[in-house]
Amino acid sequence: MKGRALRAPKGTRDLLPPATGLWAAVEAEVHRIFALYGYREIRTPILEETELFARGVGEATDIVGKEMYTFTDRGGRSLTLRPESTAAVCRAYVEHGMQTLPQPVRLYYLGPQFRYERPQRGRYRQFHQIGAELLGGRGPASDVEILLLLVAFLRRLGFAELTVLLNTVGDAPSRAAYRAALLAYLEPRAAELGEESRRRLGTNPLRILDSKDPAEQELLAAAPRLADHLTPASREHFAAVRAHLDRLGVAYRVEPRLVRGLDYYTNTVFEVVSGDLGAQNAICGGGAYEGLVEELGGPPTYAVGFAIGADRLLEVLPAGSPLRAPGRHRGPVLLAAAGRLPESGDGVSPLTPIAERLRSEGVPVVETGARAPRLFQLAEQLGAPALAFVGEEELARGELSLRELGSREQTRLPFAEAADRLRRYYEEQP
RNA sequence: GUGAGUGUAGCUCAAUGGUAGAGCACCGGACUGUGGCUCCGGACGUUGUGGGUUCGAGUCCCAUCACUCACCCCA
């Protein structure tokens, strides 16, 4: 009995070749570039205790309030599919006593995250983040270091246009002072706010700032500004970050309205957005978080990090990105018989040992029984750079006839030379 | 959670309320040392699903599901 067709759950998707080749190329680049800045990979569980996110990300956030995949396991524990990874990295930092390692500790991660939301372009229930966290750092210099890594990575992928949007949300005293000032301004005008913003008056008034509602925007234009309520320490912090960036020639734009959705940020916050993404335009978000490690039971620890949305990143990866270089995405060489080859009698094609020798020389190859002209179609569809023919003569002399698809030239070469020539198609240029 | 749009073959799309089709792709054959063909043949669908109206529904109505986009929010 045939039931209804099964499909990937809402908001999840299969990644298929050739797209997976591009994903792998991005991941390889992550490992390479992040290592250049001294970052090492951490892999945390996809499941965590629900309490980690409630405490770490914040009860008042949308993520914790309505977007988590939470369930009770057979032992009665409340577990949650991670909606982000910063809290987990901090938990691991505390759990494994990483404050005893040389500080700062530089970690990066990549992997799936889960949020229960209505899917749309650039937003999935299972999405993928590439993140870096610097823990145990020293303020502005650490903020700048993480931004340098971010910018270097994006540039390496071929992004030329993207700008870092920068702001400060102040330290805890700054925010307390500003919160009071903002409430004093907004509460008498609560009637002019939308339902969602009114609710935030009681939970997270700062988030009202990035409302897109035109009426609210107008109201907010005259609202007190966070910049005017910063403590001297926060003011200095932000000025130092900007001075560093200016001096290093890192392009950024100060965006006074930029407020991040997670509770743990302090002082420096930043985002990278792309105009090619529709409404969900953030490619990367990040900032410093001074209180999180302590909140999770560790020592007071200065930390800063970012998370890049890999799905969105891939969607807007420039056409000219070096990650799209053909050498990274070629199909295997096709190995075919020319004419009729003598049967070995045991049913094994004489091509098979040749294919194996090519593979041991580092040449990707598949055998095919297809004949020209079908052979050439196949080569095109599979992205093969060349065909290798073996006929009776080649077999007798230990040679291969190579037909290169680009130049259309055919050459007959001794096996070793043929292998060298084919291997060159698969070498990456740095 | 709210709103709008769209659902026909693996893909792209046709079909006035009257026999569900084409192109591409796929499989087989012709072609026994070579070019992106050509020719012949094949498989391919509970028209998303369930109801309703009708002599008759891919087409009209209702519901539902999925997808897409937007709101919300974020990566």
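This is a predicted model: local features need pLDDT of at least 70, side-chain atom pairs count only at pLDDT 80 or more; totals for chains, interfaces and linings use all residues.
Let's start with the pocket. The second largest pocket has a volume of about 390 Å³. Its lining is built from 19 residues, and those that lie nearest the pocket centre are Asn167, Arg225, Leu226, Ala227 and Pro256. Sorted by class, the lining of this pocket holds 13 nonpolar residues, two polar ones and four charged ones.

Which elements each supply at least two residues of this lining? They are strand 7, helix 8 and helix 9, with helix 9 giving the most, at four residues.

From here, helix 9 leads us to a packed pair. Two packed helices are described by the angle between their axes and the distance between the axes. The axis of helix 5, residues 140-156, comes within 9 Å of the axis of helix 9, and the two cross at roughly 45°. Helix 5 is therefore oblique to helix 9, and their crossing is right-handed.

| Helix | Residues in the contact |
|---|---|
| Helix 5 | Pro140, Ala141, Asp143, Val144, Leu147, Leu148 |
| Helix 9 | His237, Ala240, Val241, His244, Leu245, Leu248 |

By class, the residues of the contact between helix 5 and helix 9 come to nine nonpolar, two polar and one charged.

So, if you have the model open, helix 9 is a handy element to follow: helix 9 supplies four residues to the lining of the second largest pocket, and residues of helix 9 including His237 and Leu248 take part in the contact with helix 5.

Technical notes
Residues are numbered from 1 along each chain as its sequence is written. Chains are lettered from A and ligands numbered from 1 in the order in which they are written. Side-chain values use heavy atoms; hydrogens and water are left out. On a 1 Å grid over the protein atoms alone, a cavity is a set of points where a 1.4 Å probe fits but cannot get out, and a pocket is an open set with protein on both sides within 12 Å along at least five of seven lines; lining residues have an atom within 4 Å of a point. Grid points are joined across faces, edges and corners, and a volume is the space filled by probe spheres set on the points. Ala, Val, Leu, Ile, Met, Phe, Trp, Tyr, Cys and Pro count as nonpolar, Asp, Glu, Lys and Arg as charged, and the others, Gly among them, as polar. Axes are lines fitted to C-alpha atoms, for helices over the stretch in contact, and angles run from 0 to 180 degrees between N-to-C directions. Angles under 35 degrees count as roughly parallel, over 145 as roughly antiparallel, 65 to 115 as roughly perpendicular and the rest as oblique. A crossing is left-handed if the near helix is turned anticlockwise from the far one by less than a right angle, and right-handed if clockwise. Contact means heavy atoms within 4.5 Å.
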